[in-house]
Protein chains: 2
Amino acid sequence: MSKILIKAMVLPMTGPDVFYSRGEICIEEDRILSVGEEGSAPGNFVPDRILNLPNDVVMPGLINTHTHAAMTLLRSYADDLPLMPWLHDKVWPFEDKMTEQDIYWGTALALCEMIHSGTTTMLDMYASMDQVAEAVLQAGTRAVLSRGLIGNAPNGERALQECIDLVQQYHGAGGGRLKVMFGPHAPYTCSGEYLRRVKAEADRLGVGIHIHVAETLDEIAMLKEQYGKTPVEWLDELGLFGGHVVAAHCVHLTPNDMEILARRHVCVAHNPESNMKLNSGTAPIIELRHRGIVVGLGTDGASSNNNLDLFGEMRSAAFQQKLQVDSTALPAYQVLEMATVNGAQTLGFEDVGMLAPGFKADLITVDLDQPHFYPRFSIPAHLAYVAHAGDVRTMMVDGRILMEERKILTLDVHRVCQEAETRAKRIAAELN
Amino acid sequence: MSKILIKAMVLPMTGPDVFYSRGEICIEEDRILSVGEEGSAPGNFVPDRILNLPNDVVMPGLINTHTHAAMTLLRSYADDLPLMPWLHDKVWPFEDKMTEQDIYWGTALALCEMIHSGTTTMLDMYASMDQVAEAVLQAGTRAVLSRGLIGNAPNGERALQECIDLVQQYHGAGGGRLKVMFGPHAPYTCSGEYLRRVKAEADRLGVGIHIHVAETLDEIAMLKEQYGKTPVEWLDELGLFGGHVVAAHCVHLTPNDMEILARRHVCVAHNPESNMKLNSGTAPIIELRHRGIVVGLGTDGASSNNNLDLFGEMRSAAFQQKLQVDSTALPAYQVLEMATVNGAQTLGFEDVGMLAPGFKADLITVDLDQPHFYPRFSIPAHLAYVAHAGDVRTMMVDGRILMEERKILTLDVHRVCQEAETRAKRIAAELN
């Protein structure tokens, strides 16, 4: 189907005052042709299909700038523990038992949840990324894939080669729906020498880098002891910044760190719920934004969240900043920007994140005809502070409908759930 | 219909290790007859109706221990403002324009949202509480009604008389579904003399008191200046404590305040999302619980939240404490207790909040056959950290089914939404 007309309320995220209460969007193949009030469609546009959803609002699909999708298999497996026992006794032993096929199905489960909750694009960091790529191609969503690289681990060299192979095989695949970045895990799990090689390979192949930075006070202390520097200072000295870099977390930063991130145009993936649940701290989002740093939103993995719902994440992002700073901090429209426009900027997609002519048709519709969305004073406030995952009715990526009336059209949800259940329980049993 | 059998997973909230994976609950009239694994129903129990929901979990209905239900009419009307302009320029002028009928329809809207999101019982503080009572009787839920009393306002005397009338008319109404408490607003909006009279009337009529306490640092400063005491010390000196008292917020407490609250058996209504959004602070929930103080959960009004979803509130409660204290703070089962068992204790319902023989049949079912609830390692963690409002399938209060397959059977949802929309927009227009 090549021409679709959507009639609905439209929040295009092209500016805080732009909203069409009886809007329409024309979509041709994978791109948006026009957006505006009723009657704005080009006269010669004859749709093959009309989606008439007067009580829904159409908005750009949400963008998850930091996750470990296959960790859905660990959802509610280990909670309420101190960080180190959680990692050493629970997460890592479980991950050691995961096969390539487990990663495929865990990712498929994540994609089902993401489609249900309005997320069209993710930046994923994990292993067996070819499996992740295949799951994303099947689901029809958009993704940036980063092979997690733990330089200090025995497989550090092999993982680096896998990442190089991944770039060659999947960068630009799916008609541009897939991109690849290098995923060095963190400055405390990769040596300086290893990080320099990662950066050289990324530059050679013309792709970006995704890395955890300054997530916990323990990390700050480790880097201070080892290098006498903050994580940001150390990575800057290594020359890791400069190209396209997405730094996840950035909870504990000095003013000089923020100055470096701004100067080097590093993008930040903010994960408020993971930062709260793991007691990592409150990232200085207001200050980062004031310095012009692009900040996207992420859920982190389902083991530290425990869901992949970006509506909840928007709410938590705003409320956490309001708690920390003041009640005017991170207003509704700004947090929506973080989950859409800024998410696309963070991931380096130039034609995603807004509903505008020429942009990719990556969008969702949210069913506002429910008690919790009345009265309708502010649609941005409703979406940022009221909406939840279950309110998403429709999803389209690249002009293709992936979900309609909450039914996912590209994945066999029942089978995915059963495979995930069986595989997760098998791993847990192996560990007992 | 007098005998119902529910076949489902059961989390009865009678203890952290009690869970029936293939459970059944027998309900006769308004009460639970038996709860257990398959086959546990009494041999002579012949149900009129069987609800067969093998992929749902049945749990006690959620209890909202602090809200202003009719403030749904102000949802997303005024956000991201400093506290005082928000109150003086937005909330209070809007409320001044609300008629009795507006309060009825605003409350009905809140009740639709509460039923959709699993809340069977609320403690409401507002005006025109006879309208609230009628809406609750119509909806079929359970409620404690407190007439908000601002002693320093011109209508302080009339409001006190209204509260006395309310006790006489509605305390125990609806077969015990309604109770009444006095609702003196706060120690800074009621004089000591007024509060003493409220306490005397409450004692005379044998009902409790609901009051805002220690919500903001401004309040602490005001009381310190006026009385040289903390709010808790001042209320204790006035003799307000001692009977059944529900103190909302309790964000800023000294060790001595907590000692007083514990000694006087004051119950606390904790509102984490309102406290975050309004920059009030983080209440010391872990310390309160360590001292044996009963803490329930509340959403506060939809103007400072902006929804009435207790699943989101559980998640925020746990994450806020983990951020403030450590990652082990307020684990999943405890936060579920706050929203059920402890909520019932807070409100003084002795036969509500657990699924046990002899208890009222106030329960919900949550549809776990969705991607975000796989794999199923821990049902309590799923409910506390993953679930959202849209996951509730069924609600029963007093043995009566109020919602089935998400369809509310007692209220005309479409009309309620339209009335709320029309009335809220009328008020906003009057203020322009």
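This is a predicted model: local features need pLDDT of at least 70, side-chain atom pairs count only at pLDDT 80 or more; totals for chains, interfaces and linings use all residues.

Student: Which helix of chain A gives the most to the side that touches chain B?

Tutor: The contact takes 53 residues from chain A and 53 residues from chain B. Helices here are DSSP runs of H or I with at least four residues, strands are runs of E with at least two, and both are numbered from the N terminus. Among the elements of chain A that give two or more residues are helix 2 (100–116) and helix 12 (310–324). The top giver, with seven residues, is helix 16 of chain A.

Student: How are the two copies related?

Tutor: Copies are superposed by least squares on the C-alpha atoms of residues with pLDDT of at least 70 in both. Chain A can be laid on chain B with an RMSD of 0.0 Å, using a turn of 180° and a shift of 0.0 Å along the axis. The copies are therefore related as by a two-fold rotation axis.

Student: Which residue of chain A has its C-alpha nearest that axis?

Tutor: We look for the C-alpha in chain A that is nearest the axis. It sits 2.6 Å from the axis and belongs to Gly390(A).

Student: In chain B, what is the bridge partner of Met181(B) in strand 9?

Tutor: Strand 8 (residues 178–184) of chain B joins strand 7 (residues 142–149) of chain B in parallel by seven bridges, and two strands pair if DSSP finds at least two bridges between them. There, Ser146(B) stands opposite Met181(B). Strand 8 of chain B also pairs in the parallel sense with strand 9 (residues 208–213) of chain B, over two bridges. In strand 9 of chain B, the partner of Met181(B) is Gly208(B).

Student: How many residues of strand 8 of chain B are buried?

Tutor: A residue is buried if 20 or more other C-beta atoms lie within 10 Å of its own, exposed if 12 or fewer, and partly exposed in between, with C-beta atoms placed from the backbone. Strand 8 of chain B is mostly covered, and its buried count is seven of seven.

Note on methods:
Residues are numbered from 1 along each chain as its sequence is written. Chains are lettered from A and ligands numbered from 1 in the order in which they are written. Two residues are in contact if their C-beta atoms, placed from the backbone, lie within 7 Å.
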